[in-house]
Amino acid sequence: MRNLLIFITKYNAFFLFLIFEVSALLIYIKYNSFQKATFINSQNQVTGSLYAQVSQFKGYLSLKEQNDSLAHENAKLRGMLKTSFYVDTAEKHKVVDTVYKQQYTYVVARVINNSTNQSNNYITINRGSRDGIAKDMGVICGTGVVGMVAAVSDHYAIIKSLLHSKSQFSAMLSKDKSVGSFTWGTDLNPRQGLLSLQNDAKPTMGETVITSGYSLFPTGIPFGKITSLHAKEGGLLLNVEVGLAVDFTKLQYIYVVVNKYAQEQAGLEAVEVK
Amino acid sequence: MGRTIIINAIRFLVLVFMQVFLLKNIVFYNLSTTYFYILFILLLPFEIPNLLLFVLSFILGLTVDAFYDTPGLHAAACVVLALVRILFINITVQKEGFDNEPEPTLSIMGFRWFFTYAAILTLAHHFFLLNLEVFRFSEIEYTLSRVVLSSVFTVFLILVSGLLFFKRKERK
């Protein structure tokens, strides 16, 4: 027993190392999946409010760009108003209002923490469950798809960015209408994504890749434009490179998509069809 | 003694703030990111007990993790760094010399020793951190180039900071 104690004190550095290393790895493996919210992340009160203050200062530096992009978006939306269409036949635009029921609503939020250079990137925003945000909602911004809500607290939410090794979204070619799955590229480039399609799809250079409308997002929100057609790592699927529409490094305001019928759809799809 | 504690506490806060609000946003060609906060562990005094060294490394790692949203990742890498530090100092520094060499800084230990010290410790930390983050062998070449280029960036910052706080009279 005495010899054992002497042995342990002589090589105490190694045993201390084992204890701390194992506890660190346990924390890493247990909580890194983000399924369980912990207190060691950027939605807790201390880190959350620190990030909020710093992002407020940073916001001043890019006011001009933000104004420009908001003005562009306003112009685009104004173009979609019914009043901006020329009515050539009276019947065509005679719309009975009850036909339309609002399915998607949008919650605007400010980005208070954002990373683009890790292999798994997350975005923290200043809206949480009190503003109607729940896990697994889609997130977009003025120019395109941003990601999906991964965790919420009362006042903050963490978004699993499109720039995440496990992000996967349903996407569609705008002309061909073939549906595939959209992931982040493999080389950590914040401006490039990867679209996997069935082999019979016919993508063309510069074609826009949009959301399919099967889940989370309304249809037609852009991911980006196809920049390269050559297949990567040959396989069953056709892989095309897509230049992302969203500049993740300059993200400031985003919209969380609230789909009113999401639960109904998910509930129906979960039922086993016999 | 009291002075050492205050200096190290200030160093801890300053380095963590720099890391999470400034250096986190700096990246070259998706390859080179710096983890400059490890300077805190590098500059702890020689005579620090092993237990305290490991506890401080663990806390530093968890603090950075809280801001990076990666619970445990930086803590694990910092604990590895602490072990490498103990081994390196055991091999290269004589125990008797501790009285007039309290801290392993550039101005006290000289350029050659400090450069080797910083380079080896940084490489060990970055190698462990980036591989644990990716956790795949299929991209090992890409990860290794990230390790090397990030280490160059970090060691560069460490040497610059060493020269900034260089005290000429202490040099032997």
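Is Asp136(A) buried or exposed, and how many other C-beta atoms lie within 10 Å? This question opens the legends below, which describe close-up views of a predicted model.

**Figure 1. Asp136(A) in the loop between strands S2 and S3 of chain A.** Asp136(A) is exposed, as 12 other C-beta atoms lie within 10 Å. The cut-off for an exposed residue is 12 or fewer such atoms, so Asp136(A) falls in that class. The residue belongs to the loop that links strand S2 (120-125) with strand S3 (138-140) of chain A. Its backbone has a positive phi of about 70°, although Asp136(A) is not a glycine. Most residues other than glycine have a negative phi.

**Figure 2. Lys177(A) in the loop between strands S6 and S7 of chain A.** Lys177(A) is not a glycine, yet its phi is positive, at about 65°. The loop in which Lys177(A) is placed lies between strand S6 (169-173) and strand S7 (179-184) of chain A. Lys177(A) counts as exposed because it has 10 C-beta neighbours inside 10 Å.

**Figure 3. A barrel of six strands in chain A.** The strands follow one another in the order S6-S7-S8-S11-S10-S9 and close into a barrel. The pairing in this barrel is antiparallel. On average, neighbouring strands of the sheet are turned by 45° against each other, with direction ignored. Strands of a sheet pair through backbone hydrogen bonds, either parallel or antiparallel.

**Figure 4. Strand S10 of chain A with its partners S11(A) and S9(A).** Strand S10 (residues 222-228) and strand S11 (residues 238-244) of chain A pair in the antiparallel sense over four bridges. Within this pairing, Lys225(A) stands opposite Gly243(A) in S11(A). Ile226(A) has Val242(A) in S11(A) as its bridge partner. Strand S9 (residues 208-211) of chain A is joined to S10(A) by three bridges, and these two strands also run antiparallel. Here Ile210(A) stands opposite Pro222(A) in S10(A).

**Figure 5. The contact between chain A and chain B.** In this contact, 26 residues of chain A meet 27 residues of chain B. On the side of chain A that touches chain B, the elements that give two or more residues are helix H2 (12-31) and helix H3 (45-61) of chain A. H2(A) gives the most to this side, with 11 residues. By class, the side of chain A that touches chain B consists of 14 nonpolar, 10 polar and two charged residues.

**Figure 6. The elements of chain B.** Chain B contains seven helices and two strands. Read from the N terminus, its elements run α-β-β-α-α-α-α-α-α. Of the 172 residues in chain B, 38% are buried. Among contacts in chain B with a separation of 6 or more, 70% join residues 24 or more positions apart.

**Figure 7. Helix H4 of chain B packed against helix H6 of chain B.** The axes of H4 (residues 73-92) and H6 (residues 111-134) of chain B are 9 Å apart, and the helices pack at an angle of about 150°. H4(B) and H6(B) are therefore roughly antiparallel to each other. The crossing of H4(B) past H6(B) is right-handed. Residues of H4(B) in the contact include Leu73(B), Val80(B), Leu81(B), Val84(B) and Phe88(B), while those of H6(B) include Trp113(B), Tyr117(B), Ile120(B), Leu121(B) and Phe128(B). The residues of this contact divide into 15 nonpolar, three polar and two charged.

**Figure 8. Helix H6 of chain B crossing helix H7 of chain B.** The axes of H6(B) and H7 (residues 140-164) of chain B come within 8 Å and cross at roughly 140°. This angle makes H6(B) oblique to H7(B). H6(B) passes H7(B) in a right-handed crossing. Among the residues that H6(B) brings to the contact are Phe114(B), Phe115(B), Leu123(B), Phe127(B) and Leu130(B). H7(B) contributes residues including Arg146(B), Val147(B), Ser150(B), Val155(B) and Ile158(B). By class, the contact of H6(B) with H7(B) has 12 nonpolar, eight polar and one charged residue.

How values were computed:
Residues are numbered from 1 along each chain as its sequence is written. Chains are lettered from A and ligands numbered from 1 in the order in which they are written. This is a predicted model: local features need pLDDT of at least 70, side-chain atom pairs count only at pLDDT 80 or more; totals for chains, interfaces and linings use all residues. Axes are lines fitted to C-alpha atoms, for helices over the stretch in contact, and angles run from 0 to 180 degrees between N-to-C directions. Angles under 35 degrees count as roughly parallel, over 145 as roughly antiparallel, 65 to 115 as roughly perpendicular and the rest as oblique. A crossing is left-handed if the near helix is turned anticlockwise from the far one by less than a right angle, and right-handed if clockwise. Two residues are in contact if their C-beta atoms, placed from the backbone, lie within 7 Å. Ala, Val, Leu, Ile, Met, Phe, Trp, Tyr, Cys and Pro count as nonpolar, Asp, Glu, Lys and Arg as charged, and the others, Gly among them, as polar. A residue is buried if 20 or more other C-beta atoms lie within 10 Å of its own, exposed if 12 or fewer, and partly exposed in between; C-beta atoms are placed from the backbone. Two strands pair if DSSP finds at least two bridges between them.
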